Structures are given as structure tokens and as C-alpha cells.
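Okay, thanks for coming, everyone. Let me put the chain up on the screen, and then I'll walk you through a few spots in it.

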Amino acid sequence: MKKHLLLLTVAPFAFAAPAMAETAPAAPAAKAGEEAKPEQDAKPAAQTEVFSTGVAKGRDRLDSATSTSALRGAEIDKLSARSVGDILRDIPGVRSEAAAGEGMANITIRGLPIASTGAKFLQLQEDGLPILEFGDIAFGSADTFLRADLGLNAVEAIRGGSASTFASNSPGGIVNFISKTGDTDGGAVQLSAGLDYGMHRIDFDYGAHITPTLRFNVGGFYRQGAGPRDTGFNSTRGGQIKFNITKEFDGGYIRLYAKYLDDRVPAFDLTPVGVTGTNSDPDYHNIKGFDARSDTLYSKYFQSLLTLDGNNNVTRDDMTAGQHPIVKSVGLESKFEVAGWDITERFRYSDMSNHYMGIYYTQYLPAASLAPAFGAVGGTVRYASGPNAGQTVTNLSTLNGNGIAALELVSDTDIKSLANATNDLRASRVWKVGAGDLTTTFGVYGSHQTIDSDWNWATVLGDIAGNGESHLLDVVTAGGIKVTQDGTLRYGGPTVGTFRRSFRLGYTTIAPFGSVNYHIGKLAVGGSLRYDFGDANGSIYGAELGGGRVGVGPKDMNGDGVISVPEMQVAITPLGRPGPVDYHYGYLSYSVGVNYRIAEPLAVFARYSRGARANADRILFGPFVSATTGALTDKSAAYDTVKQAEAGVKYRNENLTLNLTGFWAKAEDTNLDATNGQPLVRGYKAVGAEFEGSYRWGIFSINAGATYTHAEITNDKLTPALIGNTPHRQAKLIYQVSPQVNTKLFSVGAVFIGTTGSYATDANLLKVPGYMTTNAFVQFRPTERITLGVNANNLFDKLAIVGIDDATVPATGVAKGHVLTGRTVSASVRFDF
């Protein structure tokens, strides 16, 4: 009898409790493209769990010399996650700073550094192909273009291991988001709503067989609302739809798929956080009138930004858009047999764009010092927006209860295209050699990544108020001359002529690869090679390139016929003086490993790997690429290598899974610091241990993971004083624990995710405290096809600080913080059909 499912909810699509990474108590792993069975139908894990991401050929995890984890569909549906970054927090070894909202998470793995935003050393994939060739493109990180809904079948992760030889630019690992393909007939509809925040959402998914060999799956979501923080307007609106159709035939299948995403979500990024005490013993807290867990610097009184577009034409951009990713993609996946070889072909073309409107940098200062700080000694401060616009602020020292004003750099970034074409073709064959099996794999990968974006930034002044009610402020001299214009201090960066840039770039990657694996009895030995050929071509524009490029001039921005003070030096893109980008590179990746299955439930393994990550836009507008020839000034800046060693033991029976792995990593990083724009040329080292386990006893189960890391800066060509320090935001210990009880009638559980403390910056002066957040869920099934649910993210409303951009305790007592969102509770109703 076919099972059908329909789901209604009173909360946004909120996953309800984790199931940590896949472990034996979970249902046996589904193959890529097949649906995992609903949890209520799951039986104790079989003795075989096939894993297929980042390896030559899917095989049982106990027969593979790799460290892998998986979250299956039924587990993900319980996680109280609000974003892809939140989901990744539940995978052992992965450090995901999910403080910016749905997108722009900082993600890394096993102590590898986060020097910029996004995911430099870890690749995010969707259905076996990278979402972007480079996971740390400025204001266009890979998770920005990815959404989880009911059509998500599984998330597979490989840490280190063979990842660098089976995908380009993935030396740290791969996380693959796998879609449902209609393998199981039926579907679901879910309605969700926030109980303590503004969100209404509908999700649907349906898959079925048209004929015994032809099946399809379609699903998606739509939602709208104010979102999990107070912005003063409906900041979250949009959705996605995905479709695939699969034709099976003897020896394989062919699948066509498509995706359309058009979503708007706020970019929280920086949040003011109060701090007192000393660098070694700071006390972090909310400032008066502003809750760092639920408020933002967005405001109903600041909904548009006057600026110049990429062609230097006056435009007014929508601040309420936040992050606005649009994805239109089509793809093909096929597997077939030719003369004993299994051929797998994957191709996808994605037309992607994103308009990012957020606060990239802030400087906090006493509101009473605002006028003299900007050259208006004896002057006044006026409201530039809101109901009191034009009126003098009379209570500066106690403004909004905190007396604090902010200089805010608005990162109005128009990413017109991140179009991406990728193709992965590989052939595998198993040969009988002696008493064992020899598996050989050969393939070639190709991609072209476009980066076409304009930085149309501006600098404004404002106060700090909660509930989405911050105001823009004007500074007026004693003689009545406005230093600002409607709150805008500079049309460009805080320093005249800065942060006005354009990118017109294309990156081509070609990578042949191959592997061999010999399995005889209990022993498996294997190795793999990959060589990446890369070309970077295009142009960049900006006065910061130097060479006589003029990037400022007078411009009547508001069209009133008068050139105001801010309009005297407007940042202008020097379109007639491009800086070329034209260089080539190549690098070798390799991996060797051995696995010994001591007994049916027990195996040990060891592996050594070398991989690399090519650098893209992050090394431009710095000393690494010549502004006159476009060539690399130092060829080593083209890519950064990562060397890794790991050894571990794995145990699995019907009710218990235990994995313990020790690791060592050495990495290079060539970059521009995301907090100050200064060049970085560094080496890092990390050693540590990783634990993952689960246990099931009747209706009770528990999953747990922990990663201990000792990381340090081993080389710094520009700031040698930092050698020996711990990289910023790198904690010694991160952990996840998720107990739950499941019966036919109900499920209840929680997930505890925590970290120990870290340093705010690489200078290792100001400390950032550790934290533990608690997510919880309850599901009730009154009938076979109806599920009622309530879940909470950050149940105890913890002030969880993932990062601070200040090197020491600031004199104002207000720090530039990156803070996880506070408690959000949602409810849902789901109908299966």
C-alpha cells in the first residue's frame, strides 16, 4: 500500500531536532537520488551503510578510509534549524557561524581558518555538483543560493579524505545536499507559522512513478513575514520550486532537473553588543534599548539608499531587499554501462544573481560627540528620517537609553551574475585481481564561473534603537551647513573614494582525475590524483587600483540643483580605466588511504591527503595581482595548499555507532582580511580529535559529536608577531548532543550545540565566551497521515556570540558583534498523502 502524506504547520519550515550526523541507529543510508524512509518506518541500521559523496564509488562506510557523516530526511525534518548554516552546525567537525541569517554563513572544518566570509576550504554541493566554484565569493557565498525544504532527501558530508581529488577547490571537505527523486510514491504539504515572530510558510513535495521505469519529483516552498528579528518591515518573502524526472533502463538511468529560487531575507551581519571588563575577562551584554538577539540595524525609517549604480547613474536601492538571491538552473545526471565500465555524467547550468543590502562595517561612538567628530564643533544633530525628521536631537547623551550613535558602511552590492556551468564525467570499473577486487576510476571535471558585480556602497550615520526603529542622523554645523545629506556622510566608503568597485570576471577550471582501490579480504588500499588547470580573465574597476585612476567627483545626487558637502566628493567608478585580470595556474592534489576491517562491526583506517583551493576575487584590489598587466605578482597567490593526515577507528552494530578520528592539518591562506581589508599571507596548523556516536534503546535514541582542535598561526609574512597565536574565533571544543524519544504517537527531543571560548582577533587579546544553544521539538501524530509539531530554536534565548571584530574592549563599551538569533518558536501541521 502506498503511503501518502500531507503536512500543515504553524511555523516557518523549522527543522525540529537534530539527529546529528548519521549513525547506526538511523535508517540505512539511501543511495544518492533515492529517498530515505520516514523515521517512523525506520528499522535498526543494517550492517551496510553506503556513502557516495567525495569518493570514487559508493561503498560501506566501514570499508572506506574516510571520515563521513550524513543527515537523512527524517532527521533533518526534526532539526530546529532556520537556515542551511544552522543545519551545518549539527555535523561533527564543521564550524558554521550562522549569525548573518539565511546566507553568508562562515563555514570551515577541522581547524582550517576563516580569514574571509563564506566557505573557502569546504565545498557546498547540490546533487553532486558545486553550487559555486568558489565558496567565499564576496557577498555571494554558496549557502546564499541554497534552501532546505521538504524536497531535501539527505545531507552527506566528507571531512578531508579523498574530497580534494574528487572535487575542485574542496581540500577541507564536501557537504552535499541531495534532493528527492520520486523513488517513493507520495507527498506532503506543510503549513508553518512563527509563534513569537513573523513568519508564514507553506512547503510541499510530491513524487510518483508515471510508469515502472519513469518517475518524477516536484517540491518547493513559499513564505513571507517580518522574520526572526525586528526589522520594522516584512523582511522575508519568496520561495523556490524544484523538479526532476528520471528514466531508468538496464544498467542505469537518465535524470533531468530544474530549480527556480527567488527569495529575500535580511542580512543581519553586524550587531552592537555591550561589553565591559577586561580583555581577558570581558562581560558581554545587551545595551539599553537594543537586544542583540532579536534587534537589527535595519529600520522602518531607513528603507532606501541613494547611490550610484555600476554605470555611475543615480539610483535608489531598496534596503528592505536584504539578500535577494535568484537562481535559475537546469541539469542532467546519467549513469550507464559501456563495455563493463560504469559511466556517470553530471551537468548543470545555473544563472545566479544576488543584490546584497546590509551593514558591513560599523563604528560606535557617543551620540554627544557626533557633531565634533565630523567637523561640526558647536553644531547640532538632527533626525534625518522617521516622524521627527528635520528636528534637532535634544537628548544625545541618553538617546534611546544608550546614548550611542553609529557610523554605518552600507554594503550595497549588486551581483548581476554568478552564472556557473559545471560538468563532471567519470568512468569506473571493478576488476578481479587475484583474490581481491581492483576498482579503477577516471574522469574529467570542467567549470566556468562568472563574477559580475558592482559595489555601490555608502556611509551613513544613525542611532541605535530596537524594534526596527533606528533613525538616520544629520550633522549640522553651528553656521547651519549640513555635513551630511539625509543621513548620508559619504557616497562611498568612510574614507573618500573607497569601496567603489566593479568586477567583470570569468574563471575556467579543467581537472582530470583518477583513482585505484584494491580490496582483498579485510584490507582495502587506495589512492587518487587530480590536477587542476585554471584560468582567470576579465577586468576590475576602482580608484583603489591606483595608477592615476580618479574615483571621486562632484555629483548632484538628490537632484536639488545644489552640491551639498557629501556631494562634493562622490565615489565614482573609473569606467575608462579598467584593471586587467589575466593569469593561469595549476596544482596537483592527491590522497592515499588504507582501511582494515578487523571484524564485521569494527574497522580502522588512515589517510594522507594534499589538496588546494584556488583564490578568486578575494585576492583582487590588493598586492597580489598587477593593476597594469593583470598577472600575479607572486604565483603562489593563485592557490593555497592544504595537507592533512587522519587515522581513526569505526564501530557499528544494530544499536550503537562509535567513530573516533585523530587529524592533523597544515594550510596556507592568501587573502584580504574581511574586517579591515589588509592583505594576509599566512600558514596555519591544526591537530585534534573528532568523535561521533549514537545509541538506540527501544524508543530512546541519542546522537552526539565533538571536535577538539588545537590550531595556531605558523607563519605570517606581513605580521610575524602573530606567529604562535590561535586563529580568531577558533574554539578548542565544539560539540553536539541530541537525545530524543520516538513512539508511533509522538516524538520529543532536543539538540544541544556548544562551543568553548575563543579570541576575537588573531592578536589574541580580547576573549569571546563560549556558549551552548538548545533547540527542542515535539511532534504529535493523531492519525497516520497528520503530524502536529512545535519546535524552538535557541530555546533559552542565549546570547550566543560567534565573533567580535574588535581587538580589545572598545572605549565606548559597544563592540561589533556577530550574534546568533535568540529564541524563535514555530508550530506546524503536516499532511502526508
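This is a predicted model: local features need pLDDT of at least 70, side-chain atom pairs count only at pLDDT 80 or more; totals for chains, interfaces and linings use all residues.

Residues are numbered from 1 along each chain as its sequence is written, and side-chain values use heavy atoms, with hydrogens and water left out.

Asn595 is found in strand β33, residues 579-599; strands here are DSSP runs of E, at least two residues, and helices are runs of H or I, at least four, numbered from the N terminus. Asn595 counts as buried because its relative accessible area is 2%; buried means under 20%, exposed over 50%, and partly exposed in between, with a 1.4 Å probe and protein chains only. A polar atom of the Asn595 side chain also lies 2.9 Å from the backbone oxygen of Leu62.

Next up, Thr484. This one lies in the loop between β27 (473-476) and β28 (488-490), and it counts as buried because its relative accessibility is 1%. What does the Thr484 side chain make a polar contact with? The side chain of Asp474, at 2.5 Å. By polar contact I mean a pair of N or O atoms within 3.5 Å; within protein, one must be able to donate a hydrogen and the other to accept it, and residues adjacent in sequence count only if both atoms are side-chain atoms. The Thr484 side chain also reaches the backbone nitrogen of Val475 at 3.0 Å. Leaving out residues up to four places away in sequence, Thr484 touches Leu461, Leu473, Asp474, Val475, Leu489 and Pro566.

Leu473 turns up again in the cores. A nonpolar core is a set of buried Ala, Val, Leu, Ile, Met, Phe, Trp, Tyr and Cys residues joined through side-chain atoms within 4.5 Å. The largest one has 92 residues, and those with the most contacts inside it are Leu88, Val175, Tyr507, Tyr583 and Leu620. A second, separate core has 17 residues, including Leu365, Leu370, Leu407 and Leu473.

Most residues other than glycine have a negative phi. Asn312 has a positive phi of about 70°, and Asn400 has one of about 55°. Are they buried or exposed? Asn312, in the loop between β18 (304-308) and β19 (314-318), is buried at 13%. Asn400, in the loop between β22 (380-383) and β23 (404-417), is partly exposed at 28%.

A cavity is a set of points, on a 1 Å grid over the protein atoms alone, where a 1.4 Å probe fits but cannot get out; lining residues have an atom within 4 Å of a point. Points are joined across faces, edges and corners, and a volume is the space filled by probe spheres set on them. There are 15 cavities of 30 Å³ or more. The largest holds about 430 Å³, and among its 33 lining residues, Ala81, Arg82, Ser83, Asp86 and Glu102 lie nearest the centre. That's my tour, thanks!

Conventions
On a 1 Å grid over the protein atoms alone, a cavity is a set of points where a 1.4 Å probe fits but cannot get out, and a pocket is an open set with protein on both sides within 12 Å along at least five of seven lines; lining residues have an atom within 4 Å of a point. Contact means heavy atoms within 4.5 Å.
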